[in-house]
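Q: I have a protein model open and would like to learn how to read its features. Could we go through it together?

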Amino acid sequence: MIDIRDAFFDEIYEIASKDENIVLITNDMDIFSLRQFKEKYPDRFINIGVAEQNMVNVAAGLASCGKKVIIYGISSFLVYRCFEQIKFNICSMNLPVIFAGVGSGLAFSFDGPTHHGTNDISVLASLPEIEILNPGETFSAKLCAKLAIESDKPTFVRLDKGLFPKLSSEKNIVDNSFSILKSVKKINIITTGSMTQTAKEVSEILDDKGVEVGVVDLFRIKTISNEFIKMVLKESEKIFVVEENSKSSGMGTIISHLITSHSLPVKLQIFGLENKQLLEYGEREWLINKAKLDSDSITKKIIKENLI
């Protein structure tokens with residue numbers, strides 16, 4: 001296993017070795033993959049310091065001159081602090097700037113509510129032009145790097161941090177949008193980001209109890225592909241969304257809108273964080289357990305409330 005950030009930026013590094021227009025800007029953030037980029041291409045690496053709003057403005061200027069700009073910083077700072085700059089200076093002009101925001105969900109557990117990325121999906125989804133990618137394992141992280149570089153739209157990549165396994169491969173990726181980790185059934189779990197492994201564990205516990213469920217990793221949260229609607233939503237009778245995000249305004253909300261807008265007869269249950277600020281400090285596992293988003297708690301609720 002490798003750090004999911006390294007999986008993403010190693011791919012960016014390889015692409016940048018063949019494309020001199022790629023520029024990387026950071027707000028004093030560091031990671032191993034960035035060091036080799038800085039050493040190899042110092043004239044294409046800008047550490048702008050702790051000045052996120054100015055960083056977005058600089059990216060807009062460079063993108064207007066034909067550069068492919070990647071911004072790397074803590075997700076919560078990029079989204080909440082720079083919303084005005086992202087909306088007007090990037091999205092209004094539809095500039096293909098890539099935001100690599102690290103710290104989705106509760107990744108920065110001990111840093112508290114200032115660093116939590118649990119409401120960013122709803123904030124970003126309000127911008128019509130922007131695409132949102134959320135890889136939950138190393139193969140899709142590499143793929144998301146390619147997709148972001150190839151896109152002609154503003155793209156936000158929600159990156160986690162730490163060691164993540166490789167769960168996907170080319171054979172189970174559909175439409176560069178989602179990965180079928182377990183074959184689609186009438187009952188399916190749709191997950192994204194850090195909850196991908198948890199969703200698989202839930203499905204395995206349910207399998208042991210005689211209940212077969214499919215598992216789909218939706219790493220393109222916006223814009224969701226027609227293939228996902230056709231192959232997953234229209235084939236489902238019951239969907240469990242599992243996400244490390246506010247369940248009032250996350251991926252589940254987007255899926256709920258799709259179900260209603262297509263008049264689909266699908267029952268939906270969202271497992272996510274409650275719509276409140278988490279003011280507690282502790283390890284990520286502790287926070288997840290407290291929120292009852294661990295695999296055992298999710299499975300127990302499904303069975304206890306007869307949701308299957």
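Q: Is K182 buried or exposed, and what is its relative accessible area?

A: This is a predicted model, so keep that in mind as we go. The general idea is to compare the relative accessible area with a cut-off: under 20% means buried. K182 has a relative accessible area of 19%, so it counts as buried.

Q: Which residue does K182 meet in a salt bridge?

A: To read a salt bridge, look for a side-chain nitrogen of Lys or Arg within 4 Å of a carboxyl oxygen of Asp or Glu. Here the partner of K182 is D207, with 2.3 Å from N to O. This pair links distant parts of the chain: K182 belongs to strand β10 and D207 to helix α8, 25 residues apart. D207 has 30% relative accessibility, so we call it partly exposed.

Q: How many salt bridges does the structure hold?

A: There are 10 salt bridges in the structure. One of them joins K153 to E131, where the closest N and O atoms are 3.7 Å apart. K153 sits in the loop between α7 and β7, while E131 is in strand β6, so this pair ties together parts that are 22 residues apart in sequence. E131 is buried at 8% relative accessible area, whereas K153, at 34%, is partly exposed. Salt bridges with shared partners also join E131, K153 and R220 into one network.

Q: Which residues form a negative surface patch?

A: For a patch like this, look for like charges on residues with over 30% relative accessible area and no salt bridge. In this model, E201, E204, D208 and D296 form one. Helix α8 gives the most to the patch, with three residues. E201 is found in that helix, and its 31% relative accessibility makes it partly exposed.

Q: What is the radius of gyration of the chain?

A: Start with the overall make-up: the chain has 12 helices and 15 strands. Its radius of gyration is 19 Å, close to the 19 Å that the globule rule gives for 308 residues, so the chain is as compact as a globular protein of that length. Along the principal axes, the C-alpha atoms fill a box of roughly 60 × 40 × 35 Å. Of the 308 residues, 57% are buried.

Terms used
Residues are numbered from 1 along each chain as its sequence is written. This is a predicted model: local features need pLDDT of at least 70, side-chain atom pairs count only at pLDDT 80 or more; totals for chains, interfaces and linings use all residues. Side-chain values use heavy atoms; hydrogens and water are left out. Patches are made of residues with over 30% relative accessible area and no salt bridge: like charges are joined within 9 Å, nonpolar side chains (Val, Leu, Ile, Met, Phe, Trp, Tyr) within 5 Å. Accessible areas come from the Shrake-Rupley method with a 1.4 Å probe; for residues, only the protein chains shown count as cover. Lys and Arg count as positive and Asp and Glu as negative; His and the chain ends are not counted. The place of a charge is taken as NZ of Lys, CZ of Arg, CG of Asp or CD of Glu. Helices (H or I, at least four residues) and strands (E, at least two) are DSSP runs, numbered from the N terminus. Buried means under 20% relative accessible area, exposed over 50%, partly exposed in between (1.4 Å probe, protein chains only). The radius of gyration is taken over C-alpha atoms; the globule rule is 2.2 Å times the number of residues to the power 0.38.
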